[in-house]
Amino acid sequence: MLTIPGLCWLCQMPLACAHWGICSRCTQALPTPPPCCPCCGLPCANTHLPCGRCVQKPPEWDSIVFVTDYRPPLNQLVQRFKFNGTVALAPALARLIMLRGLEAKRTQSGCKPDCMVSVPLHSRRAWRRGFNQSDLLAHSLSRWLQCDYFPKGIIRIRAAQTQHQLTARQRRNNLKGAFRVDFPVAGRHIIIVDDVVTTGSTVAEIARLLKKQGAATIQVWCLCRTL
């Protein structure tokens, strides 16, 4: 009997490797972000040195890896994954992050991560959605990187207003006291996994707590960075 080939999530053509999820042609055709600061991930002139913003006021994390800006076609897959419950997209989307992470490793000098955490949802929101999209991405990434993953390493202890409705200042205030760290942090090189980083308020609050408890370095890995 002939097996049914996997289809690319974007072009719907058969995949040479079904577990890739997105074919090599569509992967190469994803929009390339402009030159961005390796620290904050925002546009800048030099992709190897911190931008002027980071020199004056560094973010709470040390570096960021992302696939592209929040724009088609990736944002459409993110919405399908996150809001339509298409959890089968998780390995394909995680693979895109992994490819970009390997590319960044070749161009940036960084420490090998010891462990990984994901941005948590409050228990009520996780129950309503049925899954945490960042957790699904982190499971695949940690396996490929062969590093420890703490699914409950960051716990959301306080529900907050939905972030996309708020300004940058409101987002920061909205997240104060929202998280608790629940794993050994001191001296570790840690990756925080999220699906989309907009203003960076959520990952900044988590990174601040990790640094406060002695994390050596912190990277942020995500699918999209709003530029």
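A search of the whole structure, which is a predicted model, finds zero disulfides. Cys 40 is in no disulfide, and the nearest cysteine sulfur, that of Cys 54, is 3.6 Å away. A disulfide needs two cysteine sulfur atoms within 2.5 Å. Cys 40 counts as buried because its relative accessibility is 7%.

The sulfur of Cys 224 has its closest cysteine sulfur in Cys 222, at 7.3 Å, which is too far for a bond. Cys 224 also counts as buried, because its relative accessibility is 0%.

## The sheet

Strands of a sheet pair through backbone hydrogen bonds, and the pairing is either parallel or antiparallel. Here five strands make an open sheet with parallel pairing, in the order 1-7-6-2-3. The edges are strand 1 and strand 3 (residues 148-149). Each of these has a single partner strand, so one side of each has no neighbour in the sheet.

Five bridges join strand 1 and strand 7 in the parallel sense. In one of these strands, strand 7, Val 220 is the bridge partner of Ile 64. Helix 6 packs on the sheet and touches strand 2 (115-118), strand 3, strand 6 and strand 7. The direction of helix 6 makes about 140 degrees with that of strand 6.

## Helix 8

Helix 8 covers residues 201-212, which is 12 residues. From its first C-alpha to its last it reaches 16 Å, close to the 16 Å expected at 1.5 Å a residue. Helix 8 lies across strand 6 and strand 7 and runs at about 170 degrees to strand 6.

Nine of the 12 residues of helix 8 are buried, so the helix is largely enclosed by the rest of the structure. Among the buried residues are Val 203, Glu 205, Ile 206 and Leu 210. After helix 8 comes Gly 214, with a positive phi near 100 degrees.

## Nonpolar cores

The largest nonpolar core has 35 residues, of which Leu 93, Met 116, Leu 137, Leu 141, Trp 221 and Leu 223 touch the most other members. At least two residues of this core come from each of strand 1 (63-68), helix 3 (74-83), helix 4 (90-107), helix 6 (133-145), strand 6 (189-197) and strand 7 (217-225). Helix 4 gives the most, with eight residues.

Leaving aside residues up to four places away in sequence, Met 116 touches residues including Ala 138, Leu 141, Leu 145, Phe 150, Ile 191 and Val 193. A second, separate core has 27 residues, among them Trp 61, Val 117, Phe 179 and Val 197.

Definitions and conventions: Residues numbered from 1 in each chain as written. Predicted model: local features only at pLDDT ≥ 70, side-chain atom pairs only at ≥ 80, totals over all residues. Heavy atoms only, no water. Buried < 20%, exposed > 50% of the residue type's maximum accessible area, 1.4 Å probe, protein only. Helix = DSSP H or I, 4+ residues; strand = E, 2+ residues; numbered from the N terminus. Expected span 1.5 Å × (residues − 1). Core = buried A, V, L, I, M, F, W, Y, C linked by side-chain atoms within 4.5 Å. Contact = heavy atoms within 4.5 Å. Pairing = 2+ DSSP bridges. Axes fitted to C-alpha atoms, helices over the stretch in contact; angles between N-to-C directions.
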